[in-house]
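Biologist: I would like a close look at a single part of this model. Please keep it short and plain.

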Amino acid sequence: MEYVSTRGGAGPVDFQGALFSGYAPDGGLFVPQRIPSLDRDTLQSWSRLSYRQLVKELCCLFITPELVPRNALHDLIDKAFSRFRHKDVVHLSRLKDGLNVLELWHGVTFAFKDLSLSCTGQFLQYFLEKKQKHVTILVGTSGDTGSSAIESVRGQKNMDIFVLLPKGFCTQIQELQMTTVIEDNVHVFAAHGNSDEIDEPIRELFADVDFARKHNLMSLNSVNWSRIMVQMAHYFYAYFQCAPSLDTTPLPVVEIVVPTGAGGNITAGCIAQKMGLPIRLVAVVNSNDIIHRTIQHGDFSLSESVKATLASAMDIQEPYNVERILWLFSDSNSHLIKTLMEQFSVSKSLKLPEDLHRKLSETLRSCSVSDEDIVGAMRRCWEENRYLLCPHSAVAVHYHYSQPAGVHLQQKFSCFSLLSSMPRCCLAPASAAKFQDALLRASLVPQLPPEITALTAMETRSTPLERGQDWARTLRERIEATTQRW
C-alpha cells in the first residue's frame, strides 16, 4: 500500500513515509493510493472479531508485511492497548429507546484519541529504534489530542513532543492532563488564542522545508494518516455490534452518529464506507458549524470567530480533514482539491462545485447542536438511564433524541422495495468525568475516577505564549535548544 497527497504533488510513499510526514510536502494530506474493497464474506468473517482483532486486520490492509511483519504488527497493537481499563478496549452501552452508545474513552486519558495515538506511538517507536533516529513532534490541541499524544510518547528518548494548548478553551482537567506530565521530552505551551490560531505557527514551521527536515518535524494531530487508519475500527465494531443480522440480502444498514471537530473521525468513517461497510454517517457539530454548512449548503467558509461551547474539543472552524473527505467524494481528483484548497487558503471562503456538493450531501447527513441542546441531552440521558454523557457525546445523543421513533431506510431487494428499521449507534468520544463544568450546568455530579482526582495535587509545568508574541519564532528557538543534544 502506497500513499499520495490529496493535492497530487507528493508521493507515493509507504506507510512509514506517511507516518513521519504529517502534512505532505505540497501542503496536502496523505491518503491511500487505493482504497481496499471488502466483500460480503470478509465482512461476515470480521463480524466475529473483537475490537482489538479488527484493528489488527485493518492495519494489515494498510501496512505491508515487508515494512512491518504481521506478527510484529500484532504485538505493537497488543502493547498499545495494554493500558486500557476495559477488557474489550471499547464498550457498547445499550440504553432505552434504541439508544446505543459506543464508549471510546477507556484509555489512559479518558478520551477516544487514546485508541489511535497509543497505536501510532508504538508504530513510531518501532521505526525509530530500527533507524536510530530522533523526531520532533508538533501538536496543536483543542482539548484531548494533546494529552493523548503526550501519553503515547512520554519518556521516550528518541522523541520530543511540543504541544500547544489554547489557554482557557480547554477544561481544567484537560489542561492538567497535559501540564502535569513532567518528562524531559514533553514541552507544553499554553497559548492565549483559540484552537485555530494555534495551528498557524505549526503550519508555518512545517512549511519551512529546511527547518522541518533538520529537526525531523512530524505531527500527531489527525493530519497524520495513522490516526485515521486506526479510527476506522470504530465503525466496523459499531456496525457488527448493532447490525441485526448479516444473513440478509442486501446487508442491513447501521446509522453511526459522529461528533466531529477537525473531521478526522468522520473521515475514518467515510473510508470505511468506501471499503464496503454498509453504514450511514451523520456528522454532528456544536455551534461551530462549518462542517454542517459544508454538507448542507456546500459552504466551506469560516465564521467571524470560534465560539466557546460546552463541547470544547469541537470548538474548531477550520477542520483540515475536510480536505480528505472532499478528495474521497471527488473520485480522487487531486487537481481539483489543490485548486479548491489554494482558494480557501487565500480567501477562507469556498463554495463547493455543484457535483462535489451533491455527492457529499447524498452520502453524509449533518446537524448543528447548541449548548442548550447539549445540556438537555445530558439531563435526559441521566434521567432515563442513569448514564452520564460528556458534552461531546451529548451532541450525538441529541441527534438521536431529535429523530422520530422508528427510523427507516428504503432498501431495494430484487424488484421489491422493503421498508426496514435502521439501528443507530452514537459514538462517545470522552468520559463525562473530564467535563465538570458541563455536568454542573446540567445539574449532574459525577463520581470522579481517582486518576482524575489526583491531577489537582500534582506539579504543573508549561510555557505561556502571549497574544502578539511571535509564536513560531518562540517554538523555533525552543526546538533548536532542545534538539541540540541530538
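In what order do the 6 strands of the open sheet lie, and what is the pairing?

Modeller: Keep in mind that this is a predicted model. The open sheet has 6 strands, in the order β3-β4-β14-β9-β10-β11. Their pairing is mixed. Two strands form the edges: β3, residues 91-94, and β11, residues 364-368. Each of these pairs on one side only. From one strand to the next, the twist averages 25 degrees.

In general, strands of a sheet pair through backbone hydrogen bonds, either parallel or antiparallel. Take β4 (residues 100-103) and β14 (residues 424-428) as an example: they run parallel, and 4 bridges join them. Within this pair, V101 has C426 in β14 as its bridge partner.

Now look at the β11 side. Helix α12, residues 290-297, lies across β10 (279-285) and β11. Its direction is at about 135 degrees to β11. Helix α15, residues 354-363, also lies across β10 and β11. Helix α15 runs at about 80 degrees to β11.

Finally, the cysteines. A disulfide is a covalent bond between the sulfur atoms of two cysteines. A search of the whole structure finds 0 disulfides. For C367, the nearest cysteine sulfur is that of C426, 10 Å away. C367 has 14% relative accessibility, so it counts as buried. C425 is in no disulfide either. The nearest cysteine sulfur to C425 is that of C242, at 4.2 Å. The cut-off for a disulfide is within 2.5 Å. C425 is buried too, with a relative accessible area of 0%.

Conventions
Residues are numbered from 1 along each chain as its sequence is written. This is a predicted model: local features need pLDDT of at least 70, side-chain atom pairs count only at pLDDT 80 or more; totals for chains, interfaces and linings use all residues. Side-chain values use heavy atoms; hydrogens and water are left out. Two strands pair if DSSP finds at least two bridges between them. Axes are lines fitted to C-alpha atoms, for helices over the stretch in contact, and angles run from 0 to 180 degrees between N-to-C directions. Contact means heavy atoms within 4.5 Å. Buried means under 20% relative accessible area, exposed over 50%, partly exposed in between (1.4 Å probe, protein chains only).
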